[in-house]
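Please read them beside the sequence and the coordinates.

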Amino acid sequence: MLFDSCLFLLLVSNFLLLATPHIRQMTKYTALQGILLALLLLLFGHTILTVAVLLIKGILLPGLLWHTQKRLPPDSLICPRKLAAFDVVCGMAGLAFAIWLDDRLIVTQELFPPLFLSLGLTTLFCGFILIIGRIKAITHVIGYLVAENGIFLLGMPLMTKGTTWFELALLLDVFVAVFVMGIAINRISDSFASIDVARFRSLRD
Amino acid sequence: MSLFLLSLAAFAGAALCCLSLAVLRPTRQRARLANLLGVLGASAGSAVGLWAILSTPFATPLEVTLPFGLPVGACTLSIDPLGRLFLLPVFVLGALTAVKGAFSLAHELTSHNLAVHWFFFLMLLLGMSLVMAANDTVLFLLSWEIMSLAPFFLIDFHDSEKQVRDASWIYLTAAHLGAVFLLALFVLLWQKTGTTTISSPETISIISGFSPELRSLLFVLALLGFGAKAGLAPMHVWLPEAHPAAPSHVSALLSGAMINAGLYGILRVTSILSLRSTPESWWGWTLLVLGLATALTGIFKALAQSNLKRLLAYSSVENMGIMLMGAGVGLIGYTTKNFWMTTFGFAACLYHMLNHAAFKGLLFLGAGEVLHATGTVNMAYLGGLHKKMPLLGLLFAVGAASIASLPPFNGFVSEYLLALALLDAPRLVGSEQQVGVLLSLVGLGVISGFALALYVKAYGIPFLGTPRSGFSRTVHAPTPLSLWPLVLLALLCLLLSLAAARIFPHLAGAVSSSFPPPHTWDVASLLQDATNGLSTICLTSLGLIFLSLLFLLFRSILLRGKKQEVRGTWSCGYQESSPRIQYTDAGFTEPSARFLKTLMGVTATVRLDNDIFPKESHLSVSAPPRLIRLFYTPLFQGIETVCNALKIMQHGKIHIYILYILVTLCVLLIWGVY
């Protein structure tokens, strides 16, 4: 029951991420996803990883994002509302595609609990949609985190004792990536007075 | 086989030493050391390699698989009679051109980083040796890549000149366009046979089960891929650009040994595709027609050149065409079960390959000496060099006579073998086949005739007559000591002719190992017939040499004690002759250009003074590279336009780039499901 609720909440959090135009709100949902992932890991019985995921995905990374947002002007933290609606539609399509794939990817049937694969793929797609659909650099970081959450979900049932280190390495990788992006966004806002990625085009050769 | 591995190790070891010298700051001492290391590595490796292939029975295949494998494939080396024949020019020219190179580069100790040059020279030798011996797809492609990349840096030696830089880029583009087809060929072969071994009984039996369409596809890929290296028309455009730009010892090695790798590839692939199944009849015809077209293109273009090295480069195209004609007629014979045609055709191809290595090596090194002595290879400025450098003149004359197929030199023997193969046309079934092969014989006659005219020009204009300009008036004549590699090559030209009867059975053996004859064919009787014919040629050649020597002796006896008067050549009885009265290279070409204008792509410009007392007239002949202007330039411009149009996708919007990733991911997932 708890397991299914976690899955449901993760799915809802995905759509909430897509639906909200406020970046502060998105950061909160990212933290929620981190906590839900940690909870799922606990249900799978990986105690060490639970702590690590809770610390990194639930607290550290959203904290870092929150800290970055404080330095940015408030009007740069809102995305156009029209885009958010479009993103939700795309997310729905992603969900439908994931369910369609879930029926057909035969090899994974025994490995994944019901709906787990669909959720993993949906989360991955939602991450991509966030990156594609929003134009702020910080939403790219959030999208990257969400996509990584999807990969993490897909990797979770495959975990055995040995792969714990692999997952930890993945976490470290994400941590470093977000850290670098955090610094980059700070620097971009300092240099360009905007974190709008569309303006990066001027840097093209 | 261990000796062969030792030779490879010598090349690789010396290359590594040169590389370590190359990274240090170049000084005169280091350049001298690199020069010494390079020539020692190349000649020691070549000598050991030569010993390795000549000390064991010619027909015995050597094979070894090195314990350290590649990530994919295996380090399997195998030397069969065909490989042995193609390794001969690599080692002989490798050693001789290295020695000649060391002599020439001794004047450039401070202007270039010689360690870099020798590193790539040794890598080229290593690559060529490996290509001829590799029996594994992956190893072959790696060796091919080493062999193809090294010349880029060698051609680019005088990289301060724009023309040289352009030539090396043209070479690199041609080499890699060919490599694309080879990659497709070997990947397809690997996929369909399930093994990376190129030639083994298992691979051959799998290939014999292929459909005719698949085998034809493999043949076409081989022809395109290896043809680009061999200089097959219309893919020959890199040769006349690269050879004049490269240092002469490099041109000699590229022309005499490296382009052979293309021919080797075509023969090897055709052999494995035909070993247990009859080849398609159009394969042989394609080779014959392409060979004829290549030879005609080469000779016509060569005739119009005034740059001696460019002329020699086009002549390489012509000679490669003759070799392909041999391979074509051999394959036609193999398809139609005509043993005579098969043996003589392929043997002519292989013999001409050996001969070409000898005389083209000699001629390119000779052209290098002319360049060094006068500062130019433009024939319009040269003349009378024979009087100033008699030994070089004599050696160049030997090379020119050999390549023009004049007896008693080696070029005659291989073209004679090819003519014998073509003369067997009446035994083919169907008049269209008979006429086709006989027309090729006519083509061969035309090519030989023009080749004679070409080399009369190539030798006559720079070496005979009187100097046409200041270039040939003050020459830095080479020391006789520095000419000994050329002397050896000239002797080789003579030896390859006089020993033809002894060499032919080895060639026939190589042909039988790659294209085995059915048991019904009377091999011994054919060999006997051929050996008898070649022995007669050898005897006649010896007689000719003896008569010439006798004539010279007789002349010196007659002239003894008599006063001799020296007059300017071409003075023709004029009291006040001038160098301008001589035939120029343009004047030599213009009559043939008049009726072969379209075929040769030649433009002759004549400016005549029509006054009663004409003052000055001018004639120039030029052969602009039509193929580049009319075909390759529009082709590459078209490709550039398409590539530029694709820049729409490269718009700088990062989120759209990520959309590409998402779309690819979805497509892959859907593809995975179905």
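Which domains does the domain assignment of chain B give?

1. The model is a predicted one. For chain B, the domain assignment gives domain 1, made up of 279-516 + 524-552 + 582-593, and domain 2, which covers 631-673. Between the C-alpha centres of domain 1 of chain B and domain 2 of chain B the distance is 50 Å.

2. Chain A has 7 helices and 0 strands. Read from the N terminus, the order of its elements is α-α-α-α-α-α-α.

3. Of the 205 residues in chain A, 40% are buried. Among contacts in chain A with a separation of 6 or more, 73% are between residues 24 or more positions apart.

4. In chain B, helix α6 (residues 162-193) and helix α8 (residues 212-230) have axes that come within 7 Å and cross at roughly 150°. Because angles over 145 degrees count as roughly antiparallel, α6(B) is roughly antiparallel to α8(B). The crossing of these two helices, α6(B) and α8(B), is left-handed.

5. Which residues make this contact? On the α6(B) side they include A174(B), A175(B), L177(B), G178(B), F181(B), L185(B), L189(B) and K192(B). On the α8(B) side they include L214(B), L218(B), L221(B), G225(B), A228(B) and K229(B).

6. By class, the contact of α6(B) with α8(B) comprises 16 nonpolar, 2 polar and 2 charged residues.

Conventions:
Residues numbered from 1 in each chain as written. Chains lettered and ligands numbered in written order. Predicted model: local features only at pLDDT ≥ 70, side-chain atom pairs only at ≥ 80, totals over all residues. Domains from an automatic or database assignment. Helix = DSSP H or I, 4+ residues; strand = E, 2+ residues; numbered from the N terminus. Buried ≥ 20, exposed ≤ 12 C-beta atoms within 10 Å, placed from the backbone. Contact = placed C-beta atoms within 7 Å. Axes fitted to C-alpha atoms, helices over the stretch in contact; angles between N-to-C directions. Parallel < 35°, antiparallel > 145°, perpendicular 65-115°, else oblique. Left-handed = near helix turned anticlockwise from the far one by under 90°. Nonpolar A, V, L, I, M, F, W, Y, C, P; charged D, E, K, R; others polar.
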